[in-house]
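Here are my notes on the model, as numbered points. Please read them beside the structure.

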Amino acid sequence: MSKIVTFSGTDNFFPGGSIYPNPKVSSVFFSLGHHVDVYFPHQKRSRVSAPIVFSGERFEQKKPSIEILPDECLFEIFRLLPGGQERSSCACVSKRWLTLVSNIRRDEINDKKGGVVSEVEDEDVEDDGYLSRSLEGKKATDVRLAAIAVGTSSRGGLGKLFIRGSNSTRGVTSLGLKAISRGCPSLRILSLWNLSSVGDEGLCEIADGCHQLEKLDLFHCPAITDKSLLALAKGCPTLKDLTIEGCANIGNEGLQAIARSCPNLKSISIKNCPLVGDQGIASMLSSALSLTKVKLQALNITDVSLAVIGHYGKQVTDLSLTSLPNVSEKGFWVMGNGHGLQKLKSFAVTSCRGVTDLGLEAVAKGCPNLQQLRLHRCAFLSDNGLVSFAKTASSLESLQLEECHRITQFGLFGSLLNFGAKLKALSLVNCLGIKDLSLGLPPISPCKSLRTLSIHNCPGFGDSSLVAIGKLCPQLQHVELSGLHGITDVGFLPLLENCEAGLVKVNLSGCVNLSDKVVCVLADLHGWTLEMLNLDGCKISDASLVAIAENCQLLNDLDVSKCAITDSGVAALARSNQINLQILSVSGCSKVSNKSLPSLGKLGETLLGLNLQHCKAISSSAVDQLVEQLWRYPFTGDLFLDFESPNNGCRFFNWPDFPENKVAGFWILVL
């Protein structure tokens with residue numbers, strides 16, 4: 001039996017046979033059952049807004065969907081929405097909507113009054129007033145970038161964006177950067193790491209939309225070429241800081257464009273870019289006259305580039321040259337004699353065969369204001385060159401020598417005798433040419449300016465050298481002697497007796513031949529100034545801890561890892577009413593047991609960090625009790641508790657998770 005279906009409108013419906021003799025004509029309008037008749041005048045337009053599906057006695061009306069609208073219509077709708085919150089809500093509906101909303105430029109958005117949308121303050125901003133976002137690994141996708149563009153566009157604007165790594169299947173592409181360029185015109189800092197899918201199209205979009213960009217980092221982006229730098233030079237004239245590393249398709253043309261169009265450029269760092277040569281570096285230095293920091297590493301440049309640096313680098317204060325195999329002694333000599341590096345204050349050279357005695361002496365003459373010098377793996381530098389440099393570099397304050405194996409005691413002490421009155425810090429690392437010889441220094445005026453002495457892993461440095469250092473440098477305050485097996489009580493005690501100013505930080509880690517006698521004298525003579533003491537691996541016992549507890553009132557950082565201390569020594573520290581330790585490490589002390597838990601709990605009143613790794617005599621249950629006890633103290637900062645035993649797994653306690661805890665940021669890690 002036919003059914004009468006009531007529709008809205010003025011159309012009339014009649015039962016009976018079909019009004020269309022040809023059934024194909026009726027199928028143009030609806031797909032109806034054979035028992036349903038609908039009258040639909042051909043000359044009138046349907047007022048039905050949605051299709052109706054009939055099935056026997058029941059029918060259902062399918063709801064209309066905005067998804068049938070084309071992208072152009074949706075884009076216009078989103079553009080005319082009254083506020084950023086409404087657009088953000090729309091962006092959450094689907095990826096399609098998110099893509100459309102993220103492609104709306106800020107200048108295309110209108111408020112209710114027809115004006116450009118105004119920026120509002122946001123609580124999640126940094127000191128410079130702009131939001132900062134970071135995406136790493138699998139989180140680095142185009143969808144997240146689009147969401148960032150939409151979410152920050154109406155909240156003061158995105159100022160810093162860091163993208164590190166990429167998802168191999170859904171990684172960041174140029175589409176993601178396009179969304180950023182449309183929604184974040186206030187972007188100041190952009191850092192891209194390991195993005196193989198990002199090419200010139202993406203950076204060209206950034207250049208077209210983010211005209212306020214000041215800092216750009218490109219790390220291992222093989223698809224980016226000079227075309228991107230040309231666009232950035234045109235669209236981002238305010239660029240101040242440029243770092244390019246491992247970008248095989250960026251060459252001289254891009255650097256030349258940046259140098260010509262970015263007058264405010266102050267810092268460049270170019271590393272491992274095979275297409276960059278003398279032409280690009282020379283153009284950069286000769287055109288960008290505001291450069292203050294220059295770092296060049298693993299490039300195919302020659303002496304020509306160093307000559308240009310020496311002539312045009314009039315504003316350069318920091319210069320770093322690393323792994324430049326085609327630069328010879330002539331390059332360093334010409335750079336020093338160019339007399340353009342008058343403002344150079346910090347100079348670092350690593351693995352450059354051109355650093356010779358003659359080249360280093362020329363640098364000293366051409367850089368009268370040099371304050372910091374770091375030489376690493378300079379195989380052709382000898383004692384003569386170092387002493388000649390010391391005689392000329394009267395403004396030097398810090399000298400670091402690492403793996404310079406031709407430097408011996410004669411160069412070390414000769415430079416100390418000839419450096420001016422400004423030298424404050426001396427560091428030797430892995431210098432195998434140092435041998436412990438008795439030099440028999442004549443009566444000389446001491447080097448009273450030196451405050452910091454750091455010697456690491458120089459196996460030939462022993463007692464004789466240390467005694468000479470003590471006589472020559474009586475104002476030492478920071479002493480780091482790490483991994484020196486040749487140091488014994490005989491050499492270290494004279495140093496302690498000659499230090500007049502009072503030692504503040506002492507690191508003796510790995511000096512396995514130092515005993516309790518040294519620590520007792522140290523605590524007695526310098527306990528009134530000592531703040532940090534590292535005795536990791538030294539031959540000390542509880543006697544040292546007793547001396548520390550009695551004399552070191554200012555000590556806040558103590559490391560006695562892998563020492564022969566026992567529960568008695570820990571108890572001596574806990575009984576002291578003078579000491580206020582904040583960091584304590586007893587890692588690898590096999591004689592520290594559960595009996596020390598009450599003492600550690602007492603020390604916990606001031607502790608912010610506690611390391612109990614590899615203390616095999618401390619059980620898991622004892623640590624649980626310690627954690628419970630430490631939790632009750634009113635901490636004002638972060639507590640780090642590091643513990644490991646055969647019966648323990650890895651546990652992480654975040655104190656804000658406890659309802660009764662009122663200390664923000666207090667946490668404990670138990671291994």
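**Notes on the predicted model**

1. Among contacts in the protein between residues at least 6 apart in sequence, 79% join residues at least 24 apart; contact means heavy atoms within 4.5 Å. The model is predicted: local features need pLDDT of at least 70, side-chain atom pairs count only at pLDDT 80 or more, and totals for chains, interfaces and linings use all residues. Residues are numbered from 1 along each chain as its sequence is written, and side-chain values use heavy atoms, leaving out hydrogens and water.

2. Overall content. The protein has 22 helices and 24 strands. These are DSSP runs numbered from the N terminus: helices are H or I with at least four residues, strands E with at least two. Of the 671 residues, 51% are buried, that is, under 20% relative accessible area with a 1.4 Å probe, protein chains only.

3. Strands S14, S15 and S16. S15 (residues 452-456) is mostly covered, with four of its five residues buried. Five bridges join S15 to S14 (residues 425-429), and the two run parallel. S15 also pairs with S16 (residues 478-482) in the parallel sense, over five bridges. Pairing requires at least two DSSP bridges between two strands. Leu453 in S15 stands opposite Leu426 and also opposite Val479 in S16.

4. Helices H13 and H14. The axes of H13 (residues 357-366) and H14 (residues 383-392) come within 8 Å and cross at roughly 10 degrees. The two are therefore roughly parallel to each other, a label for angles under 35 degrees. Axes are lines fitted to C-alpha atoms, for helices over the stretch in contact, and angles run from 0 to 180 degrees between N-to-C directions. Asp357, Leu360, Glu361, Ala364 and Lys365 in H13 meet Asn384, Gly385, Ser388, Phe389 and Thr392 in H14. By class, this contact of H13 with H14 has three nonpolar, four polar and three charged residues. Nonpolar covers Ala, Val, Leu, Ile, Met, Phe, Trp, Tyr, Cys and Pro; charged covers Asp, Glu, Lys and Arg; the others, Gly among them, are polar.

5. Helices H17 and H18. H17 (residues 489-498) packs on H18 (residues 516-526) at an angle of about 0 degrees, with axes 10 Å apart. That makes H17 roughly parallel to H18. The H17 residues in contact include Phe492, Leu493 and Leu496; their H18 counterparts include Val518, Val521 and Leu522. By class, the contact of H17 with H18 has seven nonpolar, one polar and three charged residues.

Conventions. Parallel < 35°, antiparallel > 145°, perpendicular 65-115°, else oblique. Buried < 20%, exposed > 50% of the residue type's maximum accessible area, 1.4 Å probe, protein only.
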